[in-house]
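My notes follow in the order I looked things up.

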Amino acid sequence: MEEKSLYRNIKTQICRMIYKDIYKDGENIPPERKLAEDLGVSRVTVRKALKLLEEDHIIERIQGSGTRVALEYGARTGNMDIITLVAPAQNAFFSRFVDAFQTTAEAMDSLVLYKQKPSGMSLEECLFRIYEKDLRNVVLWLEDMEISYEALRKLRGLGMNMVLFDSARKNDYADAVCLDNRDAVDTLIMNLRKADCNKIGFIGWDDETVESVKIREEEFLKLCPGGIVVRIPRKYHDHLDRLEDSEVKKYMRTMKDCEGILYAVGELAVPFERIAGEQNNRPVALIDEAPGVTAREIFTVDQDFMGMSERIFDCLKQQNQKAGAWKAGLYQVKGIRVNPV
């Protein structure tokens, strides 16, 4: 048992060196003798570790040429007994999504492990530590976290099946599941126009590196060319209580002639509609619900967390069962239209 643990540990150490680019894809790694010396183990232990790496399609041993890193970037056949969810617990929708995700997991007979990135640790390191525990199915909710394209590539090459939740950006190494942002904006603009709103304002975040933020504003301007756009600094995300009333009023003055307002994120409506109070008689439209917001009419497109959870598990199923035929995809789930209040 101890011997088995030892050579599996050596395997993990070699994987970490590949992940850290000490051993690059396509290049040779040191011979068994040198690895044994560097890692302080016998050549027999190194040989067993290399055999595991070869079976996992991470290295390739070529007679007369040595051993080289040969990562395969397709999905890996496996089971879905355990799914690791990496997500920020402080997100306003965390509990709603996790509830839907757990419900779907129960139906799929899967166990969900939750992991939040520790403060001071990079997301890349957090994900590799999950890999070290031999957990191969990961759902990643990035929120404000960042991960490099290169890290996703290496994790895929090392054998991790991945789905990015709430990500509107397609990539080659992980499926992405998100709200159909364009459909949400289209639906809300249509409802505002039915409520006799011709001049419509848009309030969103100022960070266009977040793909969904960019898409929602682009779609608004396509449907309402010349429309008034207010961008709230992203530093207030999850800290809207720090947005001073004086700043809110300044933004509101730029939209005083608007007959209706579309909030790109429901939470942004809270400080604005609180200031407007009873004097606000114009309809508002929200992507995601915002409890406590009152107006003459409220049109909402809410995220279909259950539909998204089912799509995530379908993506993982495809990766685990149809590894050779799998290609990363972007899957957009239409939101739930909530009747006007």
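**Entry 1: the cavity**

I began by searching the whole structure for cavities of 30 Å³ or more, and the search gave one. A reminder to myself: this is a predicted model.

I then asked how much space lies in the largest cavity. The value came out at about 50 Å³. There are 10 residues lining the largest cavity, and I noted those closest to its centre: Met252, Tyr263, Phe272, Glu273 and Arg282.

Next I checked which elements give two or more residues to this lining, and found β10 (260–263) and α10 (269–276). The largest share is that of α10, with three residues. Sorted by class, the lining of the largest cavity holds seven nonpolar residues, one polar and two charged.

I moved on to the largest pocket, where I recorded about 840 Å³ of space. I counted 36 lining residues for the largest pocket; Leu142, Glu143, Thr209, Val210 and Glu211 are the closest to its centre.

Which elements supply at least two residues each to the lining of the largest pocket? I wrote down α6 (149–158), β6 (161–165) and α8 (211–223). Of the elements, α8 gives the most, namely four residues. The class count for the lining of the largest pocket is 16 nonpolar, eight polar and 12 charged residues.

**Entry 2: α7 against α8**

I noted the crossing of α7 and α8 as right-handed.

For the contact, I listed Asn181, Arg182, Val185, Asp186, Ile189 and Arg193 on the α7 side. On the α8 side they meet Ser212, Ile215, Arg216, Glu218, Glu219, Phe220 and Leu223. By class, the contact of α7 with α8 comprises five nonpolar, two polar and six charged residues.

**Entry 3: α4 against α11**

My next pair was helix α4 (residues 94–107) and helix α11 (residues 305–321). I found that their axes come within 8 Å and cross at roughly 50°. Parallel, perpendicular or oblique? I put α4 and α11 down as oblique to each other. The crossing in which α4 passes α11 is right-handed.

From α4, I have Arg96, Phe97, Ala100, Phe101, Thr103, Thr104 and Ala105 in the contact. Their partners from α11 are Phe305, Met306, Ser309, Glu310, Ile312 and Phe313. I sorted the contact of α4 with α11 into eight nonpolar, three polar and two charged residues.

**Entry 4: α2 against α3**

I finished with helix α2 (residues 32–39) and helix α3 (residues 43–55). Their axes come within 9 Å, with a crossing of roughly 110°. I therefore call α2 roughly perpendicular to α3.

Which residues make this contact? I noted Glu32, Arg33, Leu35 and Ala36 from α2, and Arg43, Val46, Arg47 and Leu50 from α3. By class, I get four nonpolar and four charged residues for the contact of α2 with α3, and no polar ones.

Notes: Residues numbered from 1 in each chain as written. Predicted model: local features only at pLDDT ≥ 70, side-chain atom pairs only at ≥ 80, totals over all residues. Heavy atoms only, no water. Axes fitted to C-alpha atoms, helices over the stretch in contact; angles between N-to-C directions. Parallel < 35°, antiparallel > 145°, perpendicular 65-115°, else oblique. Contact = heavy atoms within 4.5 Å. Nonpolar A, V, L, I, M, F, W, Y, C, P; charged D, E, K, R; others polar. 1 Å grid on protein atoms, 1.4 Å probe; cavity = no way out; pocket = protein on both sides within 12 Å on 5 of 7 lines; lining within 4 Å. Points joined across faces, edges and corners; volume = space filled by probe spheres on them. Left-handed = near helix turned anticlockwise from the far one by under 90°.
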